[in-house]
Amino acid sequence: MSVTLDGDKSGSVPQRVRKFVRGPRPESIPALVGSACAVVGLIDVAAGIFPRFRHSRMHTVAEVLPGALGPFAAALSLSAGLLLLLLAHGLKRHKRRAWRAAVVLLPAGAAAQFAYRHSVVGVLVSLTLCYLLVRHRSEFRALPDPRSRWRALANFVLLGAGSLVLGLVIVSVHPGRVVGTPSIADRLQHVMYGLFGFEGPVYYAGRTSWTVAYSLGALGLLTAVTTVYLAFRPEHPAARLTEDDEARLRALLERHGGRDSLGHFALRRDKGVVFSPSGKAAVCYRVVSGVMLASGDPIGDVEAWPGAIERFMDEAKAHSWTPAVMGCSETGGEVWTRETGLSALELGDEAVVDVADFSLAGRAMRNVRQMVKRIERNGYETRVRRVRDIGDTELERIRAAAADWRGTDTERGFSMALGRIGDPGDGDCVIATAHLAGSGPGEESPYGDLKAVLHFVPWGRDGMSLELMRRDRSADPGMNELLIVASLQAAPKLGVTRVSLNFAMFRSALARGERLGAGPVLRCWRGLLIFLSRWFQIESLYKFNAKFRPRWEPRFVVFRTGRDLPRIGFAAMQAEGFVNLSLPRPFRARRPRPCPHQAQRGQEPGVRAA
């Protein structure tokens, strides 16, 4: 399949984007300088903590590096090493503020080297790194990441914990100088006092006590200074959809929403958005751990996609974020790779059911048919309605039930989740519910006869896309199958001709690996996926989708280089809610409670999207 766009500047479009293609290599100077700062920082930390290191051959080299400064060598080396380690990551990411701090720190270190030790080599090392930074200053223009002052608390907790650990090491690496035999509690108390600049209960012979005191005081000062800086610096909140952004996206979806089944998920309000210069296309994204994650295809006119993609890449470059796209279609992958030089890799397949072709008849549908009939004989009935046709009281009951049946402490989902149920602007969404005749509110079920919920979002004017599956755990097995069948049977009355179900990750590998004649490599890959299904249920989700005899539409991940894939995968798991790095609950900022929902598309206990 080929896509032709107006104003194509890069020639023909590749026919397939399944194969790994290398993208452009990132700039080497920031990575080189950042790595050099990291190495220098590690050597300085080792020189500041371990006495034997200060008498080794390695320390002969370390003494000419920034941080080994005169009579306070241990404390200053430790502080400078930690600061350089903190700056190294920012320098690798082209951050302007990290560049400014390094440009100030390195000359100061050079001056101190000359004043305290008269070390010409130490001055040359510091000034060489500083020269590289100034010479290539144009490459360090990345803007700050979205942030909030809650990072100050996170810095205090994490750096404070690190200072305690390093402090215990510092107190314990002088066994020949310790007076008496202090206990672990005494050592910990000494560290706590030392971080605040007071003398603790552990005593040392000679000048070792001064070395330990200065080192602990430097750690405490570093923790305090960085926490205060983070607390009082200007706040840059993460991008969110504004009312105007949402209105513009809805207008684009009204005209072009039928192109991508994930289009309506762009209205998730914890995403940012960039529009093409003409305003006819947009890319929605979220920034997670320095990765700028877009989801699905661009919204809007396909001829305006390159403009929106260019704005997306400019935004990523301005902040030095790693660009990535999760779950784009084959057409979208072709445009992304052509316009940006990025690479694409098949991630899995989306299950799409054509309503006109769906039937419970035939041997292939026997298991689903029998399950549905059995549940109906047990007294269950279904209702499939638009959100706008459901009363406020019942809608609130559905929201509460969906929240109670979530099964996880955190909401999950990003690329295939809307993040809300029953919003006034989502009247075209479809809710399918299962009810048990004769049941009412009670201790076992506070939601009356409601036993299961499915939530669909619009896919253009003639389709809908599954967003949520929830059920009461006390209900009979097969609630999801019952409601999917009911939704497909009710689809013609709703004007729906196609229904998108769950996304099955690595579906083609699972399918090919179980066929007769599959090679050893493919069988090993399938075995690994089945093993991982113990936690992510990759195989079970594929088999669940396959029950409804769908057609499979491939979905792709777009990335810059193969080295970025682990980082992108980790960021995607954070965005989808499988990895939670937020602060402990007592320290979290209070936020308005969102509408209860299942953020992972089609997820419910026992059937979880990968």
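**Close-up 1: the hairpin of strand 9 and strand 10.** Strand 9 and strand 10 make a hairpin with 3 residues between them, and G460 in the turn has a positive phi of about 70 degrees. This is a predicted model, where local features need pLDDT of at least 70, side-chain atom pairs count only at pLDDT 80 or more, and totals for chains, interfaces and linings use all residues. Residues are numbered from 1 along each chain as its sequence is written, and side-chain values use heavy atoms, with hydrogens and water left out. Strands here are DSSP runs (E, at least two residues), numbered from the N terminus. The two run antiparallel, with 8 bridges joining strand 9 to strand 10 (residues 463–471); strands pair if DSSP finds at least two bridges between them. V457 sits opposite S465 in strand 10.

**Close-up 2: strand 9 and strand 8.** Strand 9 also pairs with strand 8 (residues 430–436), in the antiparallel sense over 6 bridges. Here H435 has L450 of strand 9 as its bridge partner. Strand 9 (residues 450–459) has 10 of its 10 residues buried, so it is largely enclosed by the rest of the structure. Buried means under 20% relative accessible area, exposed over 50%, partly exposed in between (1.4 Å probe, protein chains only).

Close-up 3: In helix 7, a DSSP run of H or I with at least four residues, R187, H190, V191, G194 and L195 are buried. They cover an arc of only 130 degrees around the axis, so they share one side of helix 7; the arc is that of the directions from the helix axis to the C-beta atoms. F196, in the loop between helix 7 (184–195) and helix 8 (208–232), is exposed, with a relative accessible area of 63%.
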